[in-house]
Amino acid sequence: MKPGMAWPIGLTLILASSVAANLVLMRVAGNDPAMAIEPDYYKRAVAFDSSMAAERRSNALGWKAESTLDPVMRDASTRVHVALVEASGTQITDATVRVVALFNARANDRQTVTLQRDADGTYSAPISIRYPGQWELRVDATRGTAHFASTSRVEAVLSLAPARSRR
């Protein structure tokens with residue numbers, strides 16, 4: 001090695017190790033299951049005015065949605081329940097109801113289910129819940145031309161007892 005080459009080689013090694021460390025950190029950060037990106041965020045931002053108008057129309061309906069989860073069984077199965085009520089207090093039993101469920105700490109892992117009407121007038125569907133804790137339920141209900149959207153947070157608790165029917 002020529003005299004005086006130690007400095008350029010040392011600086012090159014330091015820079016190369018810095019680049020390698022940054023690449024490793026970007027890889028680890030990009031694979032974090034807790035990292036979430038809202039789907040179609042750009043399209044939603046462009047359509048912000050129409051989204052706000054749709055939210056105002058939804059609020060003007062005066063509907064209320066009460067969302068609940070049954071206790072989660074050991075096999076991670078449970079049921080999501082939604083009760084829809086008009087502003088007058090009358091239960092809505094003829095809507096098409098969909099729910100997007102996401103665990104707050106793993107918001108990229110979403111489940112979308114279409115609920116069926118139960119005998120008591122509420123809506124429910126089976127859902128798989130792998131994590132206990134707080135879940136966000138995004139309810140989307142349509143009846144004729146009326147469209148209602150609501151978001152609620154519910155707690156998913158583990159049950160050690162055998163499953164029992166809600167009905």
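This is a predicted model: local features need pLDDT of at least 70, side-chain atom pairs count only at pLDDT 80 or more; totals for chains, interfaces and linings use all residues.

User: How many helices and strands does the protein chain have, and in which order do they run?

Analyst: Helices (H or I, at least four residues) and strands (E, at least two) are DSSP runs, numbered from the N terminus. The protein chain has three helices and seven strands. Their order from the N terminus is α-α-α-β-β-β-β-β-β-β.

User: What does the radius of gyration of the protein chain show?

Analyst: The radius is taken over C-alpha atoms, and the globule rule is 2.2 Å times the number of residues to the power 0.38. For a compact globule of 167 residues the value would be near 15 Å, whereas the protein chain has 25 Å. Along the principal axes, its C-alpha atoms fill a box of roughly 90 × 50 × 20 Å.

User: How many of the residues count as buried?

Analyst: Buried means under 20% relative accessible area, exposed over 50%, and partly exposed in between (1.4 Å probe, protein chains only). In the protein chain, 29% of the 167 residues count as buried.

User: What is a salt bridge, and how many does a search of the whole structure find?

Analyst: Side chains of opposite charge can pair when their charged atoms come close. A salt bridge is a side-chain nitrogen of Lys or Arg within 4 Å of a carboxyl oxygen of Asp or Glu. The search of the whole structure finds five salt bridges. One of them joins Asp94 and Arg143, with the closest N and O atoms 3.4 Å apart. Asp94 lies in the loop between strand S2 (77–85) and strand S3 (96–103) and Arg143 in strand S6 (residues 133–143), so the pair ties together parts 49 residues apart in sequence. Arg143 counts as partly exposed, at 24% relative accessibility.

User: Where do Asp109 and Arg130 lie?

Analyst: Asp109 forms a salt bridge with Arg130, and their closest N and O atoms are 2.2 Å apart. Asp109 is in the loop between S3 and strand S4 (110–117) and Arg130 in the loop between strand S5 (123–128) and S6, so this pair ties together parts 21 residues apart in sequence. Asp109 is partly exposed at 32% relative accessibility, whereas Arg130 is exposed at 54%.

User: Is Glu136 buried or exposed?

Analyst: Glu136 is buried, with a relative accessible area of 8%. The side chain of Glu136 meets that of Arg153 in a salt bridge (3.1 Å, N to O).

User: Which residues does Trp63 touch?

Analyst: Contact means heavy atoms within 4.5 Å. Not counting residues up to four places away in sequence, Trp63 touches Val85, Glu86, Ile92, Ala141, Arg143, Ala146 and Phe148. Trp63 is in the loop between helix H3 (48–61) and S1, and is buried with a relative accessible area of 6%.

Methods:
Residues are numbered from 1 along each chain as its sequence is written. Side-chain values use heavy atoms; hydrogens and water are left out.
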